[in-house]
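This briefing covers a few local features of one model. Please read it alongside the sequence and coordinates.

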Amino acid sequence: MPAKPTNDPVETGAPTEAAPPQGVPAPGAAPGVSAGAAPGAAPGVSAPEISASTAPAEAVTPLIRGIAVLHQLTDAGGTLSLSALERATGLARSTVDRITATLARMGYVRVDGRDVRLTPRLMDLGNAYLSALRLPSLLSARADALADELDESVSLAVADRDSIRFIHQATRRRAMSLSFRIGDLLPAERTAPGPLFATEWTDTDWQRWRARRAADPTDLSFTAVPPRRYGPDESENEAFVRRVEDAAANGWALDDQLIEPGLVAVSVPVRLPRAGDGQDEDAGDRVACVASVVSHTSRHTAHSLRTTLLPKLRSAVTDMERELRTAPPPEPGTPPANLALWTGASKQELGRDFIESLARGLTVLTAFGEGRPELTLTEVARATGLARATARRALITYEHLGLVTPAGRTFTLTPRVLSLGFPPLSRTTLPQIAQPHLADLTSRVHESTSLAVLSDSGEEIQYTASVATGRVMSVNIAVGTRLPAYATALGRVLLANTTAHTITDRKTLTRTPLTSVHSQGYALVDEELEEGLRSLAVPIRDRSGKVVAALNTAMHASRHTLRECETDLLPELRLTATRIESDLHTASRFTHVPLT
């Protein structure tokens with residue numbers, strides 16, 4: 001049990017729900033293995049490191065349960081039915097309902113009928129870790145450039161105990177391409193980065209690794225990789241030890257089809273001076289992350305990766321290390337504000353259906369970020385507006401779950417935070433982000449709504465998402481449909497925010513009133529594309545402010561006057577555009593969000 005700070009009152013009024021029963025599946029646990037089954041123990045034996053029944057006395061049980069629900073949704077690809085969540089977690093249905101209601105209130109999940117779906121806003125938790133880490137912000141551009149130069153996938157990974165976790169992916173679009181996602185967890189022994197991280201393992205780390213291998217011989221707890229057909233024998237363990245020794249001697253490592261047939265990779269560590277060493281180079285470096293080039297045996301053998309691509313990878317890593325050493329320290333970002341007030345207000349509104357201790361606990365993770373990688377208890381409490389005792393209990397819980405690690409008086413987030421929804425959400429597209437918002441908009445205005453992007457030539461728009469209203473007569477344009485940009489409200493919004501160099505047909509620019517559309521921020525087209533069809537559109541902007549798509553509602557001209565379109569429908573469109581942009585900005589902070 002973590003030591004209790006002196007003169008620090010215990011939070012009063014905290015929920016006193018009973019701890020979940022033994023055998024509740026742990027986040028990421030293999031099927032058939034009880035909550036955090038102890039390494040080396042038989043299935044059904046619980047382990048103190050995860051089981052809520054053996055958590056520190058001051059851990060927050062509703063927070064442990066909420067994290068378990070998020071893990072189950074993550075492992076299932078982002079969606080599960082309420083009954084499936086009940087079975088997977090072993091929690092009572094009423095408890096699952098209250099947890100999902102709380103997560104929905106926070107915007108982290110969406111309940112569609114009987115299904116619960118993760119939403120892009122949950123990525124705020126993973127974004128907090130990645131921004132505090134800084135490595136993706138500083139190194140992703142160089143990784144992307146290397147991928148372009150080699151025409152191969154390039155990844156960045158960090159250590160997560162005896163495993164590795166991806167923090168950046170620059171993939172190539174091919175029929176056979178890399179499918180790993182940011183946040184995916186892989187066993188160290190089946191990867192190229194693993195031996196490089198293992199060069200720094202302590203005796204305790206090696207003991208943990210061997211125990212995990214014995215407890216999960218077929219890697220069922222690693223959902224991102226194919227399970228092993230047979231469990232490992234001692235010779236395979238010895239082979240990994242030799243790979244670690246080779247990695248220490250060579251400064252690089254190979255994966256020759258260890259994950260699955262055909263997949264090969266070469267990796268090089270990105271090193272930094274150890275924390276607190278200053279400019280003393282004799283104190284030694286540490287592996288900050290590992291850069292890898294990943295290919296397929298149809299393109300490269302493990303030997304050709306080493307002889308052809310390794311020199312370029314090493315050169316890129318040298319540039320990455322220089323970037324890390326010379327980058328100025330970041331300015332501390334602004335932490336979230338008024339979270340404690342918001343959770344209190346939500347409790348007043350929703351009553352028993354809102355688990356305030358779960359919501360407060362989750363806000364603690366968002367206190368960290370760029371310029372705030374290490375925080376004291378007082379700083380966490382100040383950033384979130386929570387009482388010190390409340391923040392302290394949340395940190396004790398997260399330390400128990402492996403989501404934060406203490407270092408003296410400060411705490412830092414661990415890579416395990418990425419296990420909270422980030423892998424499935426990192427593959428989200430803009431149409432997927434927009435679809436539920438279109439459905440909400442259609443239900444409010446009772447008219448069809450759509451999302452569209454501009455073609456490469458700038459002469460057409462392509463519909464990428466749509467929701468039709470339930471009227472007898474409604475506008476119903478199929479996804480994928482292309483129409484002339486100049487004749488549609490969607491197209492005019494997009495053209496008004498496009499440079500002349502993008503459009504090949506100069507007549508397109510002269511026959512559309514783009515100046516007024518740009519200045520007023522919307523386009524209203526009345527029966528120009530089709531008699532009786534009236535359409536209103538607004539832009540969707542990315543994190544940089546660039547217009548990347550447009551949102552519209554379309555109707556028969558008899559249902560709304562032009563004035564009513566501007567007074568009644570336009571505010572609803574703008575509100576929806578703001579919500580889509582908010583999710584897009586969250587999802588694209590450290591990942592690429594495809595527009596189609």
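Strands β14 and β15 (residues 482–484) pair in the antiparallel sense, with 3 bridges between them. The model is predicted.

- Leu 451 is bridged to Ala 465 in β14.
- A hairpin is formed by β13 and β14, with 5 residues between them. Gly 458, in the turn, has a positive phi of about 85°.

Helix α8
- Helix α8 (residues 234–250) has 17 residues and should span 24 Å at 1.5 Å a residue; the end C-alpha atoms are 24 Å apart, so the two values agree.
- The buried residues in α8 are Asn 237, Phe 240, Arg 243, Val 244 and Ala 247. They lie on the same side of α8, because they cover an arc of only 110° around the axis.
- Packing against the buried residues of α8 are α6 (193–198), α7 (203–215) and β7 (253–256).
- Gly 251 follows α8 and has a positive phi, near 85°.

Largest nonpolar core
- This core has 120 residues, of which Leu 103, Leu 139, Leu 362, Tyr 398 and Leu 551 touch the most other members. Helix α9 (residues 302–326) gives the most to the core, with 9 residues.
- Leaving aside residues up to four places away in sequence, Leu 362 touches Leu 63, Ile 67, Leu 103, Met 106, Tyr 108, Leu 125 and Tyr 398.

Conventions: Residues numbered from 1 in each chain as written. Predicted model: local features only at pLDDT ≥ 70, side-chain atom pairs only at ≥ 80, totals over all residues. Heavy atoms only, no water. Helix = DSSP H or I, 4+ residues; strand = E, 2+ residues; numbered from the N terminus. Expected span 1.5 Å × (residues − 1). Buried < 20%, exposed > 50% of the residue type's maximum accessible area, 1.4 Å probe, protein only. Arc of directions from axis to C-beta. Contact = heavy atoms within 4.5 Å. Core = buried A, V, L, I, M, F, W, Y, C linked by side-chain atoms within 4.5 Å. Pairing = 2+ DSSP bridges.
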